[in-house]
Amino acid sequence: MLRRKPTRLELKLDDIEEFESIRKDLETRKKQKEDVDVVGGSDGEGAIGLSSDPKNREQMINDRIGYKPQAKPNNRSSQFGNFEF
């Protein structure tokens, strides 16, 4: 394997300006999202998820992630199948 000298990276003015513009854009998006969360939480819909019973909260989470739990049968034939000798 050939060894080479480390590559020198130079920070240019354009790079700094691009970084600053992206950072400002992300900060404004974050502030807008926080404002929407505060407004959305006061209209009652956000409060439903926090104050309701655990089953309803669990159902909301399952709906959000697309999980559809199915009941497990409790008899032995369903666990081991039907064996005939």
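Me: Why are Arg23 and Glu27 said to be separated by about one helical turn?

Reply: Arg23 and Glu27 are 4 residues apart in helix α1, and therefore about one helical turn separates them. Helices here are DSSP runs (H or I, at least four residues), strands are DSSP runs too (E, at least two), and both are numbered from the N terminus. The model is a predicted one, in which local features need pLDDT of at least 70 and side-chain atom pairs count only at pLDDT 80 or more, while totals for chains, interfaces and linings use all residues. Residues are numbered from 1 along each chain as its sequence is written, and side-chain values use heavy atoms, with hydrogens and water left out.

Me: Which residues are linked with Arg23 in a network of salt bridges?

Reply: Glu20 and Glu27 are linked with Arg23 in this network. The side chains of Arg23 and Glu20 meet in a salt bridge at 3.0 Å, N to O, and these two residues are 3 apart in helix α1, so about one helical turn lies between them.

Me: Why is Arg23 called partly exposed?

Reply: Buried means under 20% relative accessible area, exposed means over 50%, and partly exposed is in between (1.4 Å probe, protein chains only). Arg23 has a relative accessibility of 39%, and therefore counts as partly exposed. Glu20, with a relative accessible area of 27%, is partly exposed, and Glu27, at 42%, counts as partly exposed as well.

Me: How many salt bridges does the structure hold?

Reply: The structure holds 3 salt bridges. One of them joins the side chains of Arg29 and Asp25, which meet at 3.4 Å, N to O. Arg29 and Asp25 are 4 residues apart in helix α1, so they are separated by about one helical turn. Arg29 has 51% relative accessibility and therefore counts as exposed, whereas Asp25, with a relative accessible area of 35%, is partly exposed.

Me: How do you know whether Asn62 is buried or exposed?

Reply: Asn62 has a relative accessible area of 10%, and so it is buried. Asn62 is found in helix α3, which covers residues 54-65. Leaving aside its neighbours within four places in sequence, Asn62 is in contact with Tyr67 and Pro69, where contact means heavy atoms within 4.5 Å.

Me: Where is confidence lowest in the chain, and where is it highest?

Reply: Confidence is lowest in helix α2 (residues 45-51), at a mean of 51, and highest in α3, at 87. These values are pLDDT, the predictor's confidence in each residue, from 0 to 100. The mean pLDDT of the chain is 78, and 66% of its residues reach 70 or more.

Me: What does the chain look like when it is read along the sequence?

Reply: The chain follows the pattern α-α-α-α, with 4 helices and 0 strands. Buried residues make up 2% of its 85 residues.

Methods. Salt bridge = Lys/Arg side-chain N within 4 Å of Asp/Glu carboxyl O.
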